[in-house]
Amino acid sequence: MEILTSGKVPVVVKDVDSHDVRSTARNIARGLRDTSAFWEFKKLVQRETLSSPTSDIAAVAAQIFNRSGGVGQLLQNHVRLRCHPPFPPTLGAHQQHWWTPHPTDRTLFRIDQLHLDSRVRRALETAQKGLLAGARQAMSQVAMEMDLPLARRRTRQEEAIFMQYAFAARPDDAPPVGAASLPSRASLTKERDPDRACLYDDQHLMDALSRAHVEPAAGTSHCAEFARFWSSIPVDLSSAPPVLLEELAYKYAELGPLHEHIGMDDLGFTVQQTEKFARAKATLGESILARRCLSRASRFARTGVPASLRPQIWDLLLQSELMGTASPTEHAQNVCKPLKTALAQHELLVDHLVTADARQCANDDAFFVFEDVLKEMMLFWIRDEWIDARLCPALPPPSPPPSLSSSNGCNGSGGVVLPPVTGRESVPGAEATASPAVVVVKKYPPNGVLPFWGLSLYAMPVCFIHGDAESAYLTFRELYVRCFHNLHTLQPSAQTPTLPHLLTHFESLLKQRSARLFAHVIRVCGVQPARLAARWLVFAFVGVLDVEQVLLLWDRVLGFGCAGDGIALFAVAAAALFATRGGLLMRARGVKDVEIVAVSEFTPSGASGEDVRLRMSTLSVPRKEFETTSDGT
Amino acid sequence: MLSRTISSTVRQSAAPPNPATPPPPTPILPGSASSLAGSAAATATTSSPAAQTPPSTTQPAPPTNQTIRFRTGIRNTVYDAMRDRGWKETDGEMDWDFFWADVHWIHETFDHVYLQEHQRINHFRNHYELTRKDLLVKNVKRMIKTIEKEHGKLEAAKFDFLSPSYVLPGEHALFTEEFKRNPGSVWIMKPVGKAQGKGIFLVNKISQISGWRKDVKGNVRGEREGDDAPEAYIVQRYVENPLLIGGKKFDIRIYVLVTSYYPLTVYIHRNGFCRFSNTQFSMQAKDISNLYIHATNVAIQKHSPNYLSSRGCKWLLRNLKLYLTTRHGADAVNELFTEMEASVVRSLMSVQKVMINDKHCFELYGYDILIDQNLKPWLLEVNASPSLTAETQFDYNLKHAMVQDCFDVVDLERRHLGKPIRPRVGGFDLVYNDGPVRHERTSSYASYLGCYQPIPRAPRQKKRFGKSANGGGSGGSGGLDTPPLARKGSPVVAISVSDAAVGVSIEPR
């Protein structure tokens, strides 16, 4: 088995040089022992060997390994998921002919984009730290106002009651805070409700970003000034030439007009065509599911996933290595069981924050149905140490550790020190029956992420995918660690673009597409396009587009890989929305107009039938660009 | 004077689906009950592309240059819709072209007045054959018997869209028998004449309804219904395994427009919505009496502690379709929605014989349908006057658009006079026209329910929420204060279409 494992690995990551391959393979092989699939495979081999007439273990194992959709495929998927391809930045080679797309860049967000000047990096890190310090301060304030300890052990009686009624809405629940909309739809100009219990929100995030400041190095000040000209992002992230529209057309070739798309062609021209396309797509999807092939699935998702196959395809894309013999539902329940126990035993202060956040969905016409499910998911999320482990691996790479982690548990610079109760339950009053196990949690909150206002928006569309909270939660947490946490992170990461990068990307695309529009919105209307786009990006378009559109967009994001091109697609979509609205925006004369055009009419409940048009427009920018290139060449 | 001029132009055909002159290209199929039930014999017809164009209120040269005068006693989305069409309100007793009447007027006055040729009214004379719970049960039971005799048990089984029901006190003995056959079953009691969930309760013991026994003195039905007689109820087997979403029970409201019973002409609006209860569903005995769990009527849920006035608890059918497709696959959902559509038509066929057809009348019904966990639709009840009062902006948009579509179908302006009957008007799809209608869809018929994409009309601001009494909004323009930009809604369509590299059809389906 060991041989089989390491034998398979190099095939997949052949781009890395051989020494690296060996060590990576070793690492993965070691890591495999922790997954349930590994042990299931062993058990399976054991069982089949016992029942087979020949006693050739190796042959049986090989047969199990190689069958279609078998362990071999799972292993490939696993390796693909685990290895963020650490391509060495091909800066030099790239610059020679930057106008022609580089072959290795085909499936990656151009990595040279992620190369940052150390001063810029430091500035962003400081911004992030400041933000989180503020959040921690807010938390201690909330704790004081609500007069609650950070964590508390429930009594047995409370535990029993909680288990029974945990997630049902209770009459004594305060009505959801805020006006009748989700935070992604909130107005830019209106003041936020100051009373809501939140640590920080997207506005704080943007403020922190705009406060980021780079000390100019001697002699380059002009250059920096020039780069920052016409941008609302105060730091210059363009260390490499900006991604061109033509490049996009190449990178997102599958989004071009020559490809058929779910979300467009299934509404198509004639009924016959539509049916034929839908059937073909469904058949293909099923065969991919049968073979459990991750790479095919991601290519499949790039043109959209039919709604009926979405749960399975997403499972395959997000956690295919987990698909051992246990059914996904069972697996989900196994994962959530300890979380449920922890939830019953301890009450955390952050519980109140995330529940209040989850209850916002009550204000939305599409998501209110899932209020209880969402609450449960968010309570799981906040105490899931798996998230911390994934976001901040035990052996941090020499480069700065992935976002959020560095400053969370420990005392960030200038932050308020958390009361030392972190994780330990401060038993209120006299509890005679001494709480048996004192659980020491490394971080507070246990998942290592300070929740921000609107975090539950990421989880909302997932409720459309899975009926039970457990399965939905598993999908959500995978999506969160792979993709969404980057959307509200300022700190640059070595592998994926984070919010500042996405905004820069958005701005550069919009400027290329229509500099006049960009200027108009800034000068005449006095709105930074990036401010508007940030709201869409931070919330991954939830609440901005209709649910169905959001899911279609996420399909593509997953298809292009959450880490690189996929997440950059959010920026592309934002630019696309702007561009489609160009005509109307050009007529706008102030902040209010822009909001009406750019925000309110996108709302799914609007009677104006906007969503029909959006279906196209989310895709039409890449399409337009595709046309541009084909004209040019 | 005025009415006479109009009536002269109308004389040729007052009702759009004129049975005398069926135009050749329309999908009119002579069919019996079994042809719908069997639903195999019908042929696909090619509908003209004109059917795809959304009805536009700016169509040039309407055949009549007279303003439609309407009378109504209510101030809600209907009123707004009529005003928005440029109709003028009148308060004359009989001096109107169109009367959006309430059912009381129909019961009390309709029989005593004579309607001019062109006058239209929004109810059929004896609509209660369909909308009163006991009569609906009676009519459907009779239909089942007829079909069974003529076409056999298999066909009759297709009319099994009502949960087993008995009228009390009349069928108390029958009910007792049935109750004893199903020990532990739960039944729901509904007063026959009341709406909005009034008087509803659940029973699981026969003793709970002993007051409706026939043999109790003074309860002999038909002979002497004095004050001590119990109110007429129907008792209906409670669907104990409703489909739950997010742990909550819901039912579906769809709007059905009948423009004529002879021939039976039925339009169904594709944009229904789901109404949710606010509390987690449970069949535990202790929760039996908790109506916040079991009833989904807005009128009841409004008083639930979890209810939020700002949001209502309505979920668009489109969302339901997306959710169910994801969980159960496209085929199961198509089957479900088509079955829902068929149930609606079958219920109408059950009352077709007794309904007094009248070319002055049309009726907009609100159908309440429940889905169980096997994805079988159950018809709960039919409302003759579905609530068209908006509670939220969302609600307003939905209902206003639906009512506008309804008026487009009814076509009081007579824009479609003498033209073939349209298979699609706004969100309304013609599903039955003296036989099942098939659009140019496919070999496998799929309902359009839940496919609604709103058609852009001029954007509107919220005008009237909540219950406004008579004369609440008698203003001129209705306080339209649309932001100047939003007014320019329509050009966007053109822009985005021409911008797209490929000629994508933005025809909403």
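How many residue pairs are in polar contact between domain 1 of chain B and domain 2 of chain B (both at pLDDT 80 or more)? The count is zero, where a polar contact is a pair of N or O atoms within 3.5 Å; within protein, one must be able to donate a hydrogen and the other to accept it, and residues adjacent in sequence count only if both atoms are side-chain atoms. The structure is a predicted model, in which local features need pLDDT of at least 70 and side-chain atom pairs count only at pLDDT 80 or more, while totals for chains, interfaces and linings use all residues. Residues are numbered from 1 along each chain as its sequence is written, chains are lettered from A and ligands numbered from 1 in the order in which they are written, and side-chain values use heavy atoms, with hydrogens and water left out.

In chain B, domain 1 comprises 1-22 + 29-127 + 242-509 and domain 2 comprises 164-219 + 229-237, with bounds from an automatic or database domain assignment. Domain 1 of chain B gives eight residues to the contact and domain 2 of chain B gives seven (contact means heavy atoms within 4.5 Å). The two domains bury about 800 Å² between them, 63% of it on carbon and sulfur atoms; buried area is the accessible area (1.4 Å probe) that two parts lose on being put together, summed over both. Across this interface there are zero salt bridges, a salt bridge being a side-chain nitrogen of Lys or Arg within 4 Å of a carboxyl oxygen of Asp or Glu. On the side of domain 1 of chain B that touches domain 2 of chain B, α9 (291-294) and α10 (298-301) of chain B are the elements that give two or more residues. Helices (H or I, at least four residues) and strands (E, at least two) are DSSP runs, numbered from the N terminus.

Next, the backbone of chain B. Most peptide bonds are trans. The bond from B:L168 to B:P169 is cis, with omega near 5 degrees, and B:P169 sits in the loop between β5 (165-168) and α8 (172-181) of chain B. Another cis peptide bond joins B:Y262 and B:P263, with omega about 0 degrees; B:P263 is in the loop between β10 (248-261) and β11 (264-269) of chain B.

Over all chains, the count comes to 34 salt bridges. One of them joins A:R359 and A:E371 (3.1 Å, N to O). A:R359 lies in the loop between α16 (349-358) and α17 (371-382) of chain A and A:E371 in helix α17 of chain A, so the pair ties together parts twelve residues apart in sequence.
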